[in-house]
Amino acid sequence: MRMMFDFKRCISICVIKEGGKSTDPDDSGNWTGGKVNGKGVGILKGTNKGISAKAYPHLDIMKLTDEQIEKIYYNDYWLKIKGDILPEKIRLHVLDFSITSGVSSAIKALQGASGIERRNVDGIFGTQTLGAMHNANPWTYQAERRRYYVLISRADTKKLKYLSGWLDRNESITKICLEG
């Protein structure tokens with residue numbers, strides 16, 4: 001019997017994939033300025049279950065409770081990707097990608113995976129995305145995520161060290177979506 005991909009199930013999977021706390025100084029997400037420090041930009045506050053200092057510089061990242069983290073995921077990710085109306089087969093993928101790379105990137109991937117022409121991919125969940133989103137499936141969404149990860153790794157070679165992990169996570173999420 002296939003299990004439902006509701007918010008609670010999706011977020012529990014994403015939190016496991018995110019792991020615990022991280023203060024990797026090479027990860028720009030761990031810095032309040034969104035850039036690896038070296039020129040006085042930001043403070044290394046880290047990441048806690050995917051909640052990053054880059055996205056939430058005003059929060060004490062390491063002291064966030066599970067309830068606070070879940071509330072952030074719901075309000076700032078699930079609602080913005082319209083998780084409740086996304087096709088169930090790609091809900092987890094879109095949520096997971098929004099956590100790792102931002103809501104706009106996740107919606108752009110949804111648009112690409114749905115067959116929307118590249119010139120119309122804008123990262124905004126509008127009527128065109130709403131009408132096309134049922135064309136996306138875990139495989140086409142995985143391909144869009146892979147494309148994104150490869151492009152950002154080429155643009156910033158410091159991110160190459162993360163590429164293998166991103167691709168492994170992408171494949172793992174695809175398998176979970178397919179298996180239910």
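Contact, for this talk, means heavy atoms within 4.5 Å. Helices are DSSP runs of H or I with at least four residues, numbered from the N terminus. What you see is a predicted model, where local features need pLDDT of at least 70, side-chain atom pairs count only at pLDDT 80 or more, and totals for chains, interfaces and linings use all residues. Residues are numbered from 1 along each chain as its sequence is written, and side-chain values use heavy atoms, with hydrogens and water left out.

I start with helix α4, residues 103–113. Of its 11 residues, 9 are buried, meaning under 20% relative accessible area with a 1.4 Å probe, protein chains only. Among them are V103, I107 and L110. What covers these buried residues? The cover includes α2 (66–78), α3 (88–101), α5 (127–132) and α6 (138–155). Just after α4, G115 has a positive phi of about 90 degrees.

Next, the core. A nonpolar core is a set of buried Ala, Val, Leu, Ile, Met, Phe, Trp, Tyr and Cys residues joined through side-chain atoms within 4.5 Å. The largest one has 39 residues, and L110 and Y73 are among those touching the most other members. Elements giving two or more residues to this core include α1 (7–18), α4 and α7 (160–179). Leaving out residues up to four places away in sequence, Y73 touches F7, I11 and W78, among others.

Last, the cysteines. How many disulfides does the structure hold? There are 0, counting a pair of cysteine sulfur atoms within 2.5 Å as a disulfide. For C10, the nearest cysteine sulfur is that of C14, 6.5 Å away. C10 counts as buried because its relative accessibility is 0%.

Technical notes:
Buried < 20%, exposed > 50% of the residue type's maximum accessible area, 1.4 Å probe, protein only.
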